[in-house]
Amino acid sequence: MSSLFSWLTKAQALLSPSITPCLTCGKRNPGSSPLPGVCRICVEAIPWISSPRCLKCGRHVGCPDCTRSSEPSPIICNRSAVAYTSVMREWLGQYKYRGNERYGLLLGLMLDRAYIALKEEKRSALLSQKTLIIHSSWSADLLVPVPVSDSRLRERGFNQAERLADVLSKRRKIPQLPLLIRTHHTGKQSFKSRAERIADMKHAFAENPAVTAQFADWMKRKVPLNRPVRIIIVDDIYTTGSTIRACADIVQQMGSDYGYRVEVYSLTWARS
Amino acid sequence: MRTAVYVLECRGIWRVWISLDLTVDRWWWSGAGLESQGRGLVTVDKLVLISPALPLGWAVKLRDHFKQRDGMRNWGTKEWGQYVSSVLEPELKEEREAGGIGEKEWFSDGGSLWRLPEQSGGFIEQSRKNNDCRGNDLDYALLESEVEQFVHAVAGRSLLQPEIEALLAEGLPELMGRWRQAAQLAHLQGRLELTAAVGCDAPAAHGARARQLPAGAGTLARAAARLPHVWWRGAVARRAVSRCLRCGSAPTGRTACAACGLMGCAYCEACLALGRSRACALLLRSAALPAVRCTAALDPTAAAGRWGLSPAQAGAAGAALGFLAERRECSAKKCPERFLLWAVTGAGKTEMIFPLLEAVLAAGGRALVATPRRDVVLELAPRLAKAFPAEILAVLYGGSAERWVSGRLTLATTHQLLRFHRGFDLVIIDELDAFPYHNDPLLAYAAEQACKVDGSFIYLSATPPQEMQRLVRSGRLPHARVPVRFHGHPLPVPQHLTMTSVQTCLKRGNLPRSLIHTLRKSLERVAQIFCFVSRIAHIEGLLVLLRRSFPGVVIEGTSSKDPFRAEKVTAFRNRAISLLVTTTILERGVTVPRSDVFILDADSDLFDEASLVQMAGRAGRSKDDPGGHVVFASPQWTRSQRGAISQIRTMNMIARRKGYISKETPR
C-alpha cells in the first residue's frame with residue numbers, strides 16, 4: 001500500500017509541469033520572467049540604475065569623487081546596469097568566485113540593458129543638438145574587456161569582463177578585441193582602500209601586443225571618418241573607477257598612435 | 001590545468017603516468033638514490049613522453065583507459081599519435097563540435113603536444129646524465145622529508161588545488177612553493193592519487209556505489225544511482241559516464257576554460273559551494289589505508305558506568321560496540337558495514353556515541369561525527385571536547401576557522417565530508433533523516449567516500465526513513481533500539497483534536513473554542529507551548545488571533561525567514577516567551593524543560609510521519625515534567641498521524657516489555 005502510494009506520488013510528479021528552480025533563489029516560482037533562469041520575483045527585486053544621479057560615472061547616488069576631481073577624465077562617461085547591493089554582490093560572487101557560469105548570460109543580458117540605455121541617452125542628446133539626420137542613431141564601434149592577470153585567469157578559468165562583452169557583442173553585433181593585458185597581478189581589489197587602488201592601477205595594464213595588428217587592420221577598415229571612434233570598456237564592477245581610467249588611458253594612447261580621435265566610454269554591470 | 005603525460009615500460013608492463021613536474025619523475029625513474037624504499041627495484045626499459053602539457057581530464061583518461069598493445073616497444077611518433085587520437089576520439093570530436101580549434105591546430109600549437117622527443121629514449125638518458133651527481137636543481141633529500149609532512153597533512157582527504165594551497169598556507173607554509181613536486185613524488189611512491197575532479201569512474205567502483213547508497217537516499221535516488229550502471233555495459237564502448245568524483249553528481253555545466261584551453265570543459269554545479277570541481281581541476285586523494293579493528297575487550301557495562309548511561313542506552317551502546325568489534329568476513333564486498341541506532345526523541349543519543357568513539361580512538365583509529373545541521377555541530381562541539389580532552393577535535397562547518405585542522409576526532413556538517421576520502425574508521429551520522437541529508441544522494445555519496453572501505457557506519461535517528469525501517473524489519477540491517485527516554489518515562493502519546501483548518505480560522509477571524517480551551521489548560525500548568533503550523537504565511541495571522549484570545553501572555557512567532565529567530569528561540573528557552581508559533585524548522589534540537597506541543601493542520605502534506613514524531617518529541621523531555629501534552633489538531637485524521645502515533649506506541653510497548661519504563665506518568 002505504501003509503496004503504491006509512493007509510486008503514485010512519483011508518477012504525479014512526472015506528469016505535472018516542471019518549473020526549473022530559479023538560479024538565484026532556488027525556488028520554483030511560476031510565471032514567466034524577462035531574464036533567463038531567474039524567477040519573476042528575483043527579477044523584480046533587481047536594483048536597476050535607470051537614471052543615474054552622476055552623469056559622469058553613472059552612480060545612482062550623489063558622487064563626491066567626480067565633483068572633487070578636477071583633472072580631465074579619459075572617459076566620456078560610465079554607465080552601469082545595477083547598483084551594487086548585497087544581493088547583487090552575492091550574484092557576482094556566485095559567478096566570479098564560486099564559478100557558477102550559468103550567471104554569465106544573465107549578467108551579460110543585464111549589461112545589455114545598460115548599453116541600450118546608454119544608446120538611447122546618446123541618441124536623444126544627438127537629436128537635441130539637431131545635427132545631421134545620419135547621426136541620429138548612436139552605436140559603439142568596439143568593445144574592450146578589462147583583462148585579468150594570467151594567474152587569475154588560470155585559477156578562475158574565465159575572464160568575467162570578456163564573457164560579459166561576449167554577450168553584448170553577439171547581441172548588438174559590435175566587435176570585441178582584447179586590446180589590453182594586465183601586466184602585474186594586483187591582488188584582490190576588494191581588500192584595498194581607494195588610495196591604494198588608484199596607486200596600484202597606474203601601471204597595471206598595457207597594450208596587448210598579440211592584437212596590435214588586428215587592431216590596426218580594424219582601424220583601417222571599419223573606422224567612420226566623420227566622427228570619433230567610440231570604444232566601450234567593459235567590466236563587471238565600477239568602484240573607484242581607477243581600473244577603468246587606467247584602461248582608458250591606454251586605449252586613448254593607442255588611438256592617437258594611429259592618428260584617430262577616440263571617445264572612450266565604459267559600461268559595467270554594477271556601480272558601487 | 002594541464003599536465004605532462006608519459007608512458008613507461010617496466011618489466012614488460014606499460015603504464016601511463018601523469019606528472020605535475022617532470023623533473024621529479026626523471027629523478028625517480030633514473031633510479032638515483034637507490035636507498036629509498038622501493039624505487040631501486042624497478043628498471044625502466046622505455047619511456048615515451050606523450051605530451052608536456054595536456055588538459056588534465058584528457059591525461060587522466062589516457063592513464064585510466066590505457067590498454068597495453070603488442071609491439072608498443074617499437075612504436076614511433078606516428079603510432080603513439082594514432083593511439084592517443086583513438087583513445088581521445090570522443091573528446092576530440094566534442095571539442096571540434098563545440099567550436100574549439102581542431103585536432104591539427106591543437107597539437108601543432110604547443111610545438112609537440114604528443115610528438116616524441118628527438119630520440120625516444122632521450123628523456124631518460126638525459127636525466128641519468130643530469131642525476132649522476134644529483135646535479136638537479138631540486139634537493140631531493142629535503143623533498144623526501146617534505147613528502148612525509150605533506151602526506152601526513154592530507155591523509156584521508158580529497159582536495160582540489162585551491163584547497164591544497166589553503167591547507168598548506170595554514171599548516172605547512174614552507175611547502176607552498178613546492179607542493180607540486182612533493183605531491184608528484186608522493187604519487188610515484190603510491191601514497192597519493194592524482195586525478196581529475198570530473199571524470200569517468202572505473203566500472204567496478206560504479207557498481208559498488210549503487211549497492212552501497214544508504215537506504216536513506218530513498219528509492220528514487222537509488223534508482224537514479226543504479227541507472228548509469230545499467231547503461232554502463234551499452235555505453236562503455238561509446239562513452240563512459242562522467243561524474244564529479246568529489247560529490248558523485250553528473251557534471252551539468254560545460255564551458256570554455258582558460259586553465260586547460262578547451263572549449264568544453266565540464267564542471268559540477270552540485271558542489272559549487274565548496275569550490276569548483278571541473279574536468280581539468282586536480283583532485284588529490286590520499287591512498288586508502290586499512291581500517292583498525294576495535295577489540296571486543298571493551299566491557300559494555302564499564303563503558304556505560306563511565307559515561308552514565310541508562311540501562312536502555314547501555315544496551316544499545318553495547319550492541320553497537322559488538323558490531324564494531326565483529327570481525328568482518330564480508331570485507332571483500334568493498335563497502336563499509338552499516339548499523340542503525342534507533343533511539344526515540346530525548347533518549348540521549350549523544351551520550352551513547354561516546355563509548356563508540358572511545359573504542360575506535362583507543363584502537364588507534366579515526367572517527368567522524370557528522371550531522372546535517374550546523375547548529376547541532378556547534379552544540380555538540382563542547383560536549384565532545386569535554387568527553388575527550390586529550391584528543392584534538394576538528395570542528396568543521398561552512399565558515400569554520402578549523403577547516404584544515406587534522407584531528408583523530410572530527411565533528412562536521414555533512415557537506416564537509418566532500419573534503420575527505422577514505423579517511424575514517426568510524427563514521428557516525430546523526431539525524432540522517434533531517435534536512436538536507438534526507439534524500440540527497442550527494443551527501444550519501446560524500447558520507448560513503450569519507451569512510452574507509454572496511455570501516456563502519458553508524459546511523460543515529462529517532463525517525464529512520466521508511467526504506468531503512470523496511471531493512472530493519474527484514475533483518476538486513478543490524479540495529480539497536482533505544483525505546484525509552486533517558487529519564488525512564490514513556491513518550492507522551494499525541495491526542496487528536498478535531499478543528500477547522502488554520503486557513504478557515506484566519507478567514508473567519510476566530511479560533512475554535514476547543515483549541516482555546518486546551519491551550520488554556522496548558523498555560524495554566526505553566527507549560528511553554530510549541531505551536532507548529534504548516535505554512536509561514538499563517539504565522540502572522542495566527543499570532544493576532546492568539547494574542548486576542550490570551551491577552552497578557554507573551555506570544556511570538558518565528559520561521560526560517562525571521563531575522564530574529566535565534567533571539568526568539570533563546571527567549572523561549574529562557575521562558576521569556578510562553579507560546580511560540582513556528583514551522584518545522586524547530587522540530588529538532590530545541591529543548592525546553594516543561595513544554596506542550598500543538599500541531600495545527602496536522603493533516604497537512606508538509607508534515608510526514610517522521611516530522612510529526614519529531615515535533616511530538618519536543619514534549620516531556622525533562623525528568624521534572626515527563627508527561628507533556630501533545631495535540632494533533634486537524635479537520636482530518638490521516639495516515640501520517642496514525643503512523644506517528646503507532647510508532648510512539650510501539651516504542652512505549654517495547655520499552656515496557658524490556659522493563660525500561662521506571663515510572664508510569666500519572667495521567
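Across the interface of domain 1 of chain A and domain 2 of chain A, zero salt bridges are found. The model is a predicted one. Between these two domains there is one residue pair in polar contact, with both residues at pLDDT 80 or more. The side of domain 1 of chain A that touches domain 2 of chain A consists of four nonpolar residues and one polar residue, with no charged residue. In chain A, domain 1 covers 15-45 and domain 2 covers 50-271. Five residues of domain 1 of chain A and eight residues of domain 2 of chain A make up the contact. The C-alpha centres of these two domains of chain A are 30 Å apart.

Chain B is assigned three domains: domain 1 (2-193), domain 2 (300-482) and domain 3 (495-657). The C-alpha centres of domain 2 of chain B and domain 3 of chain B lie 30 Å apart, and their contact involves 14 residues from domain 2 and 12 residues from domain 3. On the domain 2 side of chain B, Thr345(B), Arg373(B) and Thr463(B) lose the most area to domain 3, together 39% of what that side buries. Between domain 2 and domain 3 of chain B the count of salt bridges is zero, and one residue pair is in polar contact, both at pLDDT 80 or more. The side of domain 2 of chain B that touches domain 3 of chain B holds four nonpolar, five polar and five charged residues.

| Interface | Buried area | Share on carbon and sulfur atoms |
|---|---|---|
| Domain 1 and domain 2 of chain A | about 600 Å² | 84% |
| Domain 2 and domain 3 of chain B | about 1100 Å² | 50% |
| Chain A and chain B | about 1300 Å² | 45% |

The contact between the chains draws on 15 residues from chain A and 17 residues from chain B. Lys10(A), Arg98(A) and Glu101(A) supply 35% of the area that chain A buries against chain B, more than any other three residues. Three salt bridges are counted between chain A and chain B. In one salt bridge, Arg102(A) pairs with Glu269(B), and the closest N and O atoms are 2.3 Å apart. The elements giving two or more residues to the side of chain A that touches chain B are α1 (2-15) and α6 (150-156) of chain A. By class, that side of chain A has three nonpolar, four polar and eight charged residues.

Technical notes:
Residues numbered from 1 in each chain as written. Chains lettered and ligands numbered in written order. Predicted model: local features only at pLDDT ≥ 70, side-chain atom pairs only at ≥ 80, totals over all residues. Heavy atoms only, no water. Contact = heavy atoms within 4.5 Å. Buried area = accessible area lost by both parts, 1.4 Å probe. Salt bridge = Lys/Arg side-chain N within 4 Å of Asp/Glu carboxyl O. Helix = DSSP H or I, 4+ residues; strand = E, 2+ residues; numbered from the N terminus. Nonpolar A, V, L, I, M, F, W, Y, C, P; charged D, E, K, R; others polar. Domains from an automatic or database assignment. Polar contact = N/O pair within 3.5 Å; in protein donor to acceptor, adjacent residues only side chain to side chain.
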